[in-house]
Amino acid sequence: MIVVAGEALIDLVPQGPGALADLKPALGGGPYNTAVALGRLGSRTAFCSRASYDAFGEALLDGLRRAGVDVSGVQRGPEPTTLAVATIDAAGSAAYSFYVDGTADRLFTAPAALPSGTRAVSFGTCSLVLEPGAGAYEDLMRRAAGQGLFTTLDPNVRAGLIPDADAYRARFKSWLPSVTLLKLSAEDAAWLGGTPREWLAAGPAAVVVTRGGDGLTVFTRDGAEYSVPGEKVDVVDTIGAGDTVNAALLHGLAVRDALSREALSALGTQGWTRLLRFAARAAAITCSRAGAEPPYATELGEL
């Protein structure tokens, strides 16, 4: 079982240029997209979050169920669903404005236990920023790491939600001893400061940096560095691309029975290169479609 912990929200995606373009609601949220992508790839997955009883909340849970994700542990509440209003630039890159005050996912509380058979837990995005839920997710991360579970973190920085950038950067560093695999974009890396080698020294066994169409690079504790180019594709938008990378990495490691620090160290050139290429291929398919629509295993071929 891979558990994905974090928010589920509704992306309002513009259907044309300009501030007053029609907006189409789409299921989203970084952790939500990661869970859906894992389910579509065939990994046994559970979602750990808090969702509204409103129509959007029901639609979000239905989307997880269709992907085969276990939602039995999702907490519920009467508060509204978080909204994220996207704007898309000429290159298809997305920026977001958020409506988060008083929403259901902010009131998440850490469960007493994770599902039976859990081997890995994934964290990231808004859920680690918005209190009081952020503290609960942080506690869950530390507890999972203390139990020896494989943990992944994608900070997926949304600067507009962060009131104190320096405090968040310090908090990010405090998470690193509890992280097995850190994945982040080049833009997030620049915003956070530091280098992959510095982050590795603080705890993770590997750091994967995504560079959009230029591909992915992994840095490992033994000093190795492996890169693959991006897959060429006609980009519709980049919504969910990074989340798809998270899922592809986790799925690929699970298939290899490599969800441990020791196994990451043993992957070597061939193992990392194949895994990164698989993740790049999965992300490219997501970018070729509007909104966060990660691929199914049948679309990707051999891992």
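# Exercises on strands, helices and a loop residue

Ala206, Val208 and Thr210 point one way from strand 12 while Val207 and Val209 point the other way, and all are buried. Buried means under 20% relative accessible area, with over 50% called exposed and the range in between partly exposed (1.4 Å probe, protein chains only). Helices (H or I, at least four residues) and strands (E, at least two) are DSSP runs numbered from the N terminus.

The model is predicted: local features need pLDDT of at least 70 and side-chain atom pairs count only at pLDDT 80 or more, while totals for chains, interfaces and linings use all residues. Residues are numbered from 1 along each chain as its sequence is written, and side-chain values use heavy atoms, with hydrogens and water left out.

**Exercise 1. Describe the surroundings of strand 12 and its pairing on both sides.**

Step 1. Count the buried residues: 5 of the 5 residues of strand 12 are buried, so the strand is largely enclosed by the rest of the structure. In a regular strand the side chains alternate between the two faces of the sheet.

Step 2. Take the pairing with strand 11 (two strands pair if DSSP finds at least two bridges between them). Strand 11 (residues 181-185) and strand 12 (residues 206-210) run parallel, joined by 5 bridges. Within this pair, Leu181 is opposite Ala206.

Step 3. Take the pairing with strand 13. Here 5 bridges join the strands, and the direction is antiparallel. Val209 is opposite Thr217 of strand 13. The hairpin of strands 12 and 13 has 5 residues between the strands, and Gly212 has a positive phi near 60° there.

**Exercise 2. Give the strand order of the open sheet and locate the edge strands.**

Step 1. The open sheet has 8 strands in the order 4-1-9-10-11-12-13-14, with mixed pairing.

Step 2. Strand 4 (45-48) and strand 14 (225-228) are the edges, each pairing on one side only.

Step 3. From one strand to the next the twist averages 15°. Axes are lines fitted to C-alpha atoms, for helices over the stretch in contact, and angles run from 0 to 180 degrees between N-to-C directions.

Step 4. Helix 9 (residues 268-287) packs on this sheet and touches strand 12, strand 13 (216-220) and strand 14; the helix direction makes about 35° with that of strand 14. Contact means heavy atoms within 4.5 Å.

**Exercise 3. Characterise the packing of helix 3 and helix 4.**

Step 1. Two packed helices are described by the angle between their axes and the distance between the axes. For helix 3 and helix 4 (residues 165-175), the axes come within 11 Å and cross at roughly 25°.

Step 2. The two helices are therefore roughly parallel to each other. The classes are roughly parallel under 35 degrees, roughly antiparallel over 145, roughly perpendicular from 65 to 115, and oblique for the rest.

Step 3. Ala134, Gly135, Glu138, Met141 and Arg142 of helix 3 meet Arg171, Ser174 and Trp175 of helix 4.

Step 4. Ser178 lies in the loop between helix 4 and strand 11. Ser178 is buried, with a relative accessible area of 10%. Leaving out residues up to four places away in sequence, Ser178 touches Met141, Arg142, Ala145 and Thr151.

**Exercise 4. Check the span of helix 9 and state its burial.**

Step 1. The expected span is 1.5 Å times one less than the number of residues. The 20 residues of helix 9 should span 28 Å, and the end C-alpha atoms are 28 Å apart, which agrees.
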